[in-house]
Amino acid sequence: MKRVEKVKVELGRRSYEILVGRQLLVQIGESLATLGKGRRALVVTNPLVWDLYGSEVEKGLREAGFSWRVAILPDGEEYKTLESVQTLYDQALVAGLDRQSWIVAVGGGVVGDMAGFAAATFMRGINFVQVPTTLLAQVDSSVGGKTGVNHPKGKNLIGAFYQPRLVVSDIDSLNSLPEREWAAGLAEVVKYGMIWNEFFFEFLEQNKEGIWQRQAQPVQEMVKASCSIKAQVVSQDEQEQGLRAILNFGHTFGHGLEALGQYREWKHGEAVAVGMVMASRLAVRAGWLKEAALERLERLLTAFNLPVRAPGVDPEALWQAMLYDKKGEEGRLTFILPDRIGGVKIVKELDRQLILAAIAEVV
Ligand SMILES: NC(=O)c1ccc[n+]([C@@H]2O[C@H](COP(=O)([O-])OP(=O)(O)OC[C@H]3O[C@@H](n4cnc5c(N)ncnc54)[C@H](O)[C@@H]3O)[C@@H](O)[C@H]2O)c1
Ligand SMILES: O=C(O)C(=O)C[C@@H](O)[C@H](O)[C@H](O)COP(=O)(O)O
Ligand SMILES: [Zn+2]
């Protein structure tokens with residue numbers, strides 16, 4: 001196993017590398033310094049992550065001659081708001097950031113999405129680096145440049161596409177994640193197998209025990225492969241004009257569940273797991289997907305301790321919450337539906353009753 005692996009996101013002048021490996025946090029300053037920008041930074045994080053990894057990150061910044069300020073955001077999806085981002089602008093000013101400076105996101109997807117949005121908008125855009133510390137953030141949210149915050153009506157309704165200049169994924173940091181967060185990250189990993197590559201899905205099936213036990217070898221391979229799939233999609237369609245929508249498989253339903261639960265009840269990955277089952281159930285009903293493929297998806301999600309049902313959810317209420325999905329056009333929802341393991345299609349015209357029936361089967 002190599003100590004560091006690299007995945008490139010090819011986006012012309014905005015291309016960047018994702019480093020995946022061990023003992024990378026303490027080298028963060030050195031990695032940034034090679035990019036040749038300023039040496040001033042605002043580090044954005046939360047109390048839990050900073051307690052665990054703050055000293056390593058600070059050592060790395062100090063050794064590379066950086067000066068920095070630390071902005072600590074409250075922990076939780078319910079704080080992924082414009083109010084939280086406002087506090088980052090205040091701190092960026094106190095830190096004396098200029099257009100050569102950095103915003104460094106150290107944490108999970110919540111921290112990364114907000115820090116990225118602050119980086120996109122402060123002084124109309126300053127340098128941004130993602131240092132993801134959850135599995136979900138390493139395999140998904142740190143890559144591809146979607147940044148933003150929630151609105152009470154819907155997920156990520158306010159945001160911008162803004163690419164980081166570097167992503168540093170230290171897989172050692174994943175060892176401190178609670179099991180529920182580990183599982184939540186695995187939902188997005190299973191998503192890549194479903195939308196893109198049956199061999200990757202099989203790899204997950206064959207290595208499910210080692211992955212669940214967080215063995216370094218399969219974990220590093222899984223993180224690298226996930227980033228590589230996401231990089232291929234994003235390189236072809238940075239701003240979701242077409243292909244990139246496939247990364248949203250399970251999210252129309254999942255985001256609806258999250259909003260219904262007021263961003264407290266469901267972890268994003270858990271909602272996506274149930275959302276993928278709902279989308280696949282819909283695909284079975286529409287005649288595109290074999291029941292056996294849906295069963296295989298449910299088995300893998302269950303092996304990773306993810307939910308495959310949403311008991312107590314009212315289908316009509318979920319439908320209403322789904323109407324704020326950003327893929328919708330003129331009041332009509334767009335769905336990403338699998339036609340096999342390893343492939344999906346983008347569907348715009350679907351009967352409301354069919355969708356409600358699929359939801360009803362899964363709740
Ligand atoms: N931008 C994108 O492309 C994209 C993609 C997927 C998800 N997202 C967003 O990401 C968010 C979910 O991210 P998440 O699952 O990382 O949740 P999160 O950021 O809330 O982190 C989950 C929990 O893990 C804790 N934590 C973080 N690192 C830890 C570590 N190493 N050890 C122990 N605990 C740690 C956090 O403090 C938090 O309590 C959602 O808001 C979702 O919408 C964005
Ligand atoms: O990067 C993407 O594109 C994705 O859709 C990845 C998703 O896993 C992620 O949850 C994303 O934030 C959802 O995007 P949204 O546009 O539906 O808010
Ligand atoms: Zn997601």
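1. Terms and source. Two strands are said to pair if DSSP finds at least two bridges between them. Helices (H or I, at least four residues) and strands (E, at least two) are DSSP runs, numbered from the N terminus. This is a predicted model, in which local features need pLDDT of at least 70 and side-chain atom pairs count only at pLDDT 80 or more, while totals for chains, interfaces and linings use all residues. Residues are numbered from 1 along each chain as its sequence is written, and chains are lettered from A and ligands numbered from 1 in the order in which they are written.

2. Confidence. The mean pLDDT of the chain (the predictor's confidence in each residue, from 0 to 100) is 97, and 100% of the residues score at least 70. For the complex, the predictor reports an ipTM of 0.99 and a pTM of 0.98.

3. Overall form. The chain contains 14 helices and 11 strands. Its radius of gyration is 20 Å, close to the 21 Å that the globule rule gives for 363 residues, so the chain is as compact as a globular protein of that length. Here the radius is taken over C-alpha atoms, and the rule is 2.2 Å times the number of residues to the power 0.38. Along the principal axes, the C-alpha atoms fill a box of roughly 60 × 45 × 35 Å.

4. Burial and contacts. A residue is buried if 20 or more other C-beta atoms lie within 10 Å of its own, exposed if 12 or fewer, and partly exposed in between, with C-beta atoms placed from the backbone. Of the 363 residues in the chain, 50% are buried. Two residues are in contact if their C-beta atoms, placed from the backbone, lie within 7 Å. Among contacts between residues at least 6 apart in sequence, 77% join residues at least 24 apart.

5. Strand E9. Five of the five residues of E9 (residues 166–170) are buried, so this strand is largely enclosed by the rest of the structure. Leu 166, Val 168 and Asp 170 cover one side, Val 167 and Ser 169 the other, and all are buried. E9 pairs in the parallel sense with strand E2 (residues 16–21) over five bridges, and Val 168 is the bridge partner of Leu 19. Strand E6 (residues 127–132) also runs parallel to E9, joined by two bridges; there, Gln 130 has Val 167 as its bridge partner.

6. A residue is near a molecule if its C-beta atom, placed from the backbone, lies within 6 Å of it. Of the 30 residues around ligand 1, Gly 108, Gly 109, Val 110, Thr 134 and Ser 141 come nearest. The elements giving two or more residues to this shell are helices H2 (47–63), H4 (109–121), H5 (135–141), H6 (179–196) and H11 (268–286), together with strand E8 (154–161). By class, the shell has nine nonpolar, 13 polar and eight charged residues. In this scheme Ala, Val, Leu, Ile, Met, Phe, Trp, Tyr, Cys and Pro count as nonpolar, Asp, Glu, Lys and Arg as charged, and the others, Gly among them, as polar.

7. Helix H10. Nine of the 10 residues of H10 (residues 251–260) are buried, so this helix is largely enclosed by the rest of the structure. The buried residues include His 251, Phe 253, His 255, Leu 257 and Glu 258. They pack against E8, H11, helix H13 (315–322) and strand E10 (335–340). Gln 262, which follows H10, has a positive phi near 55°.

8. The E7–E8 hairpin and Gly 144. Strands E7 (146–151) and E8 form a hairpin with two residues between them. The two strands pair in the antiparallel sense over five bridges, and Val 149 stands opposite Ile 158 in E8. Gly 144 is found in the loop between H5 and E7. Gly 144 is buried, because 23 other C-beta atoms lie within 10 Å. Leaving aside neighbours within four places in sequence, Gly 144 is in contact with Lys 230 and Val 234.

9. Positive phi angles. Most residues other than glycine have a negative phi. Asn 156, in strand E8, has a positive phi of about 50°. Glu 240, in the loop between helix H9 (216–236) and H10, has a positive phi of about 55°. Asn 156 is partly exposed, with 18 other C-beta atoms within 10 Å. Glu 240 is likewise partly exposed, with 18 other C-beta atoms within 10 Å.
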